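Subject: Structure handover

Hello,

Here is the structure I promised you. Please open it and keep it beside this email while you read.

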Amino acid sequence: MTERYVELHAASAFSFLEGASQPEGLVERAVELGMPAIGLTDRNGVYGSARFHTSAKRNSVRAHIGAEIAVSSFGSRLTPPAWLPHQHVSEPVRLPVLCESPTGYQNLCQLITQFKMREPNKCEGAATIEDLQQHATGLVCLTGGDEGPLAAALVAGGETAGRKIVEQITEIFGRENVYVELQRHQEREEEWRNQAAIRIARALKLPVLATNGVRYAMEYDRQILDVFTAIRHHTELDQAGRLLALNNQRYLRSAKEMASLFRDVPHAIQNSVELSSRLTFALDDLGYEFPRYPVPEGDTMDSFLRKRVAEGVARRYEPKKNQHLLERAKKQVEHELTLVAKLGFAGYFLIVWDIIQFCKSHDILVQCRGSAANSAVCYALEITAIDPVGMELLFERFLSESRGEWPDIDLDLPSVDKREQAIQYVYQRYGELGAAMTANVITYRGKSAAREVGKALGFDADTLGRLSSLVSNWEWRGKTDTMAHSFHDAGFDLAHSRIAKYLDLSMRIQSLPRHLGQHSGGMVICQGQLNHVVPLERASMPGRTVVQWDKEDCSDLGIIKVDLLGLGMMAVLKDCLELIPQHYGEPIDLAQLPEDPEVYRTLQQADTVGMFQVESRAQMASLPRNHPEVFYDIVVQVAIIRPGPIVGQMMHPYMRRRQHKEPVSYPHPLLEPVLKRTLGVPLFQEQLLRMAMVVANFSGAEAEELRRAVGMRRSWERMKNLEGKLRSGMTANGLDVTTQNNIIQNISSFALYGFPESHAASFALIAYASAYFKVKYLAAFTCAILNNQPMGFYAPAVLVKDAQRHGLRVRPIDIQISDWACTVEREHDGSLSLRMGLGYAQGLRQQAAEALVASRVRDGRFSSAEDLAQRVPLLNRKELTLLAHIGALNQLDGVEHRRDALWQVERAGKLEGPLFQRNVASLQDDSEGKPLLQMNIEERLIADYAGTGLTVGKHPMHYRRAALQQQHVLSAKELREQKDGNYVRTAGCIVARQRPGTAKGFIFLSMEDETGIANVIVTPDLYERERLVVTRSKFLIVEGPLQNQDGVIHVKATRLMAFSDGALALRSHDFH
Amino acid sequence: MSPPQLYACLYVKEFTAQALLRLRPELREKPCAVMEGEPPLQQVCSLNAKARRMGVLTGMTQVEMETFPAVTLLPRSIQEETATRMALLECAGSFTPRVEEASTERAFLCVLDIAGTEKLFGPADTFAEKLKNHVKALGITASVAVSQNFHAAICLARGMSSRTTVTVIPAGAESAALAPLPLSVLALSEEHAEKFALWGIRTLGTLAALPENDLIARMGQEGKRLRQLALGNLPHLFLPVEPTSTLEEYRELDSPLEILDSLLFVVGVMLEQLILRATSRMLALAALTIVLRLEAGGSHTRTVRPALPTNDRQFWIKLLHLDLEAHPPQAPILSLALTAEPGSTSKVQLGLFSPQLPEPGRLDVTLARIRAIVGEECVGRAVLRDTHQPNEFRMEPFTVGAKNGAEISCTQPRVALRQFRPPEKISVTLQNERPTSFFLQKKRYIIEKAYGPWRTSGDWWNPELWNVEQWDLVAHSADGSLLCGCVARDVARNCWEMVALYD
């Protein structure tokens, strides 16, 4: 007879640092071993269960869900005896439980939530007997291995105590739901406990169950567990001693091995199969109930939604005065509402509508991103500002009947505070157990892996710091960007055995979970019942709770979520909406921005620093080719510079057609209406759907299924079926085989990365608004963007320089005028200028700055450094020095230059006794002299960059121009006048470095000088040779042939030289 | 009127490298760098000018240095630095009895009070030349600065360019001479360095030009001190180095000695001197190191360290005797050096009613005797180590524990075990990976029952990883005798041992 065995007690790496394999890894191994089912019991949670379930389902393995629950009432878990030296700390015992039924699962979730939420902040927590009693139904309990209550009781009080604890457990869970667990890791101490357990089971007539208390899939992974143990206890492997595993036997064992180990108790093995067949619960039947929205008496959610939508349609479409559009809109809305009612999603739409209402009433700018912009209902509910009817967007991409999952609405909110306000509103509205953030599993990555493994192996902090600074974080990795290479660069000798082990372990723990964080904006909502679906716990941020699954897990299991995301540009737009009427005296309405030729001209010239989505180097390089003239061109522009279209080789055909270098053609005449807008090149996911609908008569839902099948790499089988259907549909429509192949090729090559048109439209709307504000209201826009840093592609220094090149006067920080934020000022000549805010003085506390402003508002100008120090005692000496250093005190009386101010604050900031606080003449400086010399230009630049990260004075390159001209170095402006192919030399300050994943290792540098920004391409070869120069230097001289194609200018570097930068610590944004 | 003052500052840059190259003249003309740190993480800590010219920098790692194959790498040696330091101080001492040392970690610096040495050595510049040449003869390149102000001499020596090696500041010209020097010669605190950088003060001249009272108002007395330093008029209280006293005796033997007894006779005489010197300072000898230079080349060094410092000569001789008996030199002895470590004379106050303990001296002698027989590492008390590795313990010196031995409570009856020390090698026959019979002391045992294997393994990250399987056996020999025992198999080496018998 072949043995059968099911492992029912396995921990994955989601037992954070107490397990060493991914849940998928365990499933994979179970498949190899021919195990029909496997049970996952992670520490105090079901963190890994979603992935475990998904992976098991894919592999036709049954996934049993459970957890090891810490129970404080059963005492501390087993530690070595006191007479043996050890470092074990006392932890509560852990009771493994498995979910037999959906009730059991709900109870498990409630149980974990109950004890986790009892804690005031994020921590492990432990259950009590009362908790267990409340939530025991539907759970099967095992007595545990050496971390369990039986082992602890046997060692502490012998067999009597052991028997007592098993009886206690039996009382809680019921006789039929308790299994006495036996584990054999070939440890001597364990065996006598097993013998005692067998006797207890026999005496109490309880079944015994063999498990292996699995902690990792393969024997070899014990090393990872040991490393994790060292990390968990903040010690080194050499010092960990008895904390480490005794041997490597806690791997997933085959039925044969288990049967041979438990030859003497064969029924322990049989019971595992029996128990497995008893555990009917699978994560599919979560029992997740859709949230309800409270509606007034007499209304159903559907009717209430219908009314709100009808109001919205009137509000949105009537001002457009287009009867035809209005009719179409009404028809579309009707179609959508019918589907929403059929699918029962009205509650969801109302919940999102409710959030929008809250935001509107609290002056929070909100807009959705993503596929919700395909829905006219969303437009009517003001969830999106994109009119899907007017833009002919495809609703099925958002919602379709057969998708079997909830729609996904992502809301963009102005960053931090406003977003927090909205999040807190959701908590408050749906209750502590009704809403929570989704988790974000923090996993080991290159740097963290190298650092923590290094610590465990006993390397010193300095060395580790050096190493982690070298571990590459570029998006694209060349063959020398391996970890091994970084180790070598950090001065490690890989031939040394310990270092080789270090490297090996660092690579092996990559992507294993480290701990649970919270997702920045994903919220799951369930009408007061969320704790029945998934355990909740405290997040480290006060006032936040988080579910134990991440965004993907929630989505896989069909839990509804709303993403409340922070989008810096929303805050910028919001600020602009206030600043523009105030300073320009012009009313402004975001929804009614006119199409402006000047704005399009600016976009065509790629003069887009600071503009949303179109400011990156790649965007700038394609803007002159795309030559946007109407809003839809921006939608395409936003969508086209993406990995998808680039990898799918859609970008170049589109650009060529756009420039009339290639005729517009269609794969088939039928597709013309679908692809007309994008010149015959499919760019959007919606187009893919429509293509399938048009050429193969797919329904909207089928087309969406096709898109998802192509999107998921794993579902080849499903894809094959759909492809068959697609082909037969096309044949029916009379398409020949070549065209069919062509279309299928089109679909599969870009569906992987495709971009929803609605999402592009939402972003294009923001992009246009940002461009409009920048072109029309530069002072307000620059002020807003500087006040919402960090965001976007460029550092404030670059934004300021760009604004100055566009004619904006930027005034330095001045304590007599500046507020905390940057402000717009009116000059004597009536023009507007920008005043830098005190917030840009790096190291000045906001509290102190606000005290300063308050004192100025109350009592007027500051007369001297002494006056400033006395009136604003909150300012410490360091802050005074900082303000003096950056020239913010230059407007004080008696201050001629920054060093005067430095000299004066040094005296003014001194703590003095009461006697000296009087203005006694004899205590004044005896010399009126100002002994310090004025700063020279370079010193001022250094002070500016060190103290504020930018300069409002001339660009550093300006001061070197004369010398550079002698060396035949061209400025960015001069480059534009050069012909394609000319060998040029240019220089500048690096403001961005980029190594996109799609560019095969090419690096793109943006180099700024006083005349503008130049683009440099660095080949992988050159990068290899000049790695340090490329990554470390701030100022570069570059030589190479100029590429000037269609107004897009690049220097293809053949030589790079760092040039002395006067110790300026300019920062560049590195994008990966 | 204050007595005339004149100071010469002797400054040795890259002292770490120079100290090593001093005794390696063949390397002086080559690029060399000194490495410091635990392998494999050594870094360059000092280097000579030739290496610097090739682009080597301090802080470079071993791997980085591999790109400079021409550079000779030397490990740092604190001993040689100490020896060089002593030699330099001694050299300075031969010019004047008043020498103050102000070395930093990487540089040697001492100041000589040379007021009144004119008649002996000539005027200041001649003196400086002589001093520099004298030091040069030791194999060290140094610079010398002479000034009437102690600190000015130091600043000047530190700030001297590598081309000039001797400078003499005429009286009253201190501030002018110091003015162009960078602030770095002042060894400023980080805070002050930062402040002066903000103020744009880069040279001693600009610092000196600041108004004194205003500076004091801003920086306090430290400001005043720094300004005086910059002006070259900060007074200094000279603190000459104490002549270093080491309890060391050295004796060259007339003829090579082979017999331990005659050696001990010589030792006795030297010890008497040492004890006399120690007693005169109210000290006792805490440890004694004997270095024997051997005819065959090399030396033989032994150190004895009793529990308490003592001046009992006979006792020391006895200890040395026992130690040398246990570790005899392998060749006739040419010379011997005795170095004693001083310790305070101490008396242990015993309680009136506490039991009589053995006299510390006698206990030490007894322990030394035992050590001589069983080996150093086998004396003390065994302490279990925090590891799963079977039978792991370490030896600790005997100490009287603060608490009484804790009662070990044990709820389970435990089986008594007789451990084989060392374990007995056995040969084992296996069937299906389970032992079936074995030979122990030439007797064959048939295994009736085998429990196991119990597996333990660990230290997998170290070269000395271990992996052991144990079996508990019940076996019968042919003559019917029963054996219950524990055998272990070292998995890596696949060798079997009988480790214990159960009672």
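First, the ground rules. This is a predicted model, in which local features need pLDDT of at least 70, side-chain atom pairs count only at pLDDT 80 or more, and totals for chains, interfaces and linings use all residues. Residues are numbered from 1 along each chain as its sequence is written, chains are lettered from A and ligands numbered from 1 in the order in which they are written, and side-chain values use heavy atoms, with hydrogens and water left out.

**Salt bridges**

Side chains of opposite charge can pair when their charged atoms come close. A salt bridge here is a side-chain nitrogen of Lys or Arg within 4 Å of a carboxyl oxygen of Asp or Glu. Over all chains, the structure holds 91 salt bridges.

Start with E124(A) and R43(A). Their closest N and O atoms are 3.1 Å apart. This pair links distant parts of the chain, 81 residues apart: E124(A) sits in the loop between α3 (102-118) and α4 (129-134) of chain A, and R43(A) in strand β2 (residues 37-43) of chain A. Helices (H or I, at least four residues) and strands (E, at least two) are DSSP runs, numbered from the N terminus.

Are these two residues buried or exposed? Buried means under 20% relative accessible area, exposed over 50%, and partly exposed in between (1.4 Å probe, protein chains only). E124(A) counts as partly exposed because its relative accessibility is 35%. R43(A), at 9%, is buried.

Next, E311(A) and R308(A) form a salt bridge at 2.7 Å. They are 3 residues apart in helix α11 (residues 301-317) of chain A, so about one helical turn separates them. E311(A) is partly exposed at 40%. R308(A) is buried at 15%.

R429(A) and D354(A) also meet in a salt bridge, 2.7 Å from N to O. Again the pair links distant parts of the chain: R429(A) is in helix α15 (residues 416-430) and D354(A) in helix α13 (residues 346-361), both of chain A, 75 residues apart. R429(A) is partly exposed at 32%, while D354(A) is buried at 7%.

**The sheet**

Chain A has an open sheet of 7 strands with mixed pairing, in the order β8-β9-β14-β11-β10-β13-β12. Two strands pair if DSSP finds at least two bridges between them. The edge strands, β8 (367-369) and β12 (536-538) of chain A, each pair on one side only.

Look at β9 (residues 409-413) and β14 (residues 561-566) of chain A. They run parallel and are joined by 5 bridges. D412(A) stands opposite L565(A) in β14(A).

**Chains A and B**

The contact (heavy atoms within 4.5 Å) takes 44 residues from chain B and 64 from chain A. The size of an interface is often given as the accessible area lost when the parts come together. Buried area is the accessible area (1.4 Å probe) that two parts lose on being put together, summed over both. Here it is about 4,400 Å², with carbon and sulfur atoms giving 55%. In chain B, R218(B), W460(B) and W461(B) lose the most area to chain A, together 20% of what that side buries.

How many salt bridges are there between chain B and chain A? The count is 4. E939(A) forms a salt bridge with R202(B), with the closest N and O atoms 2.1 Å apart.

Best wishes
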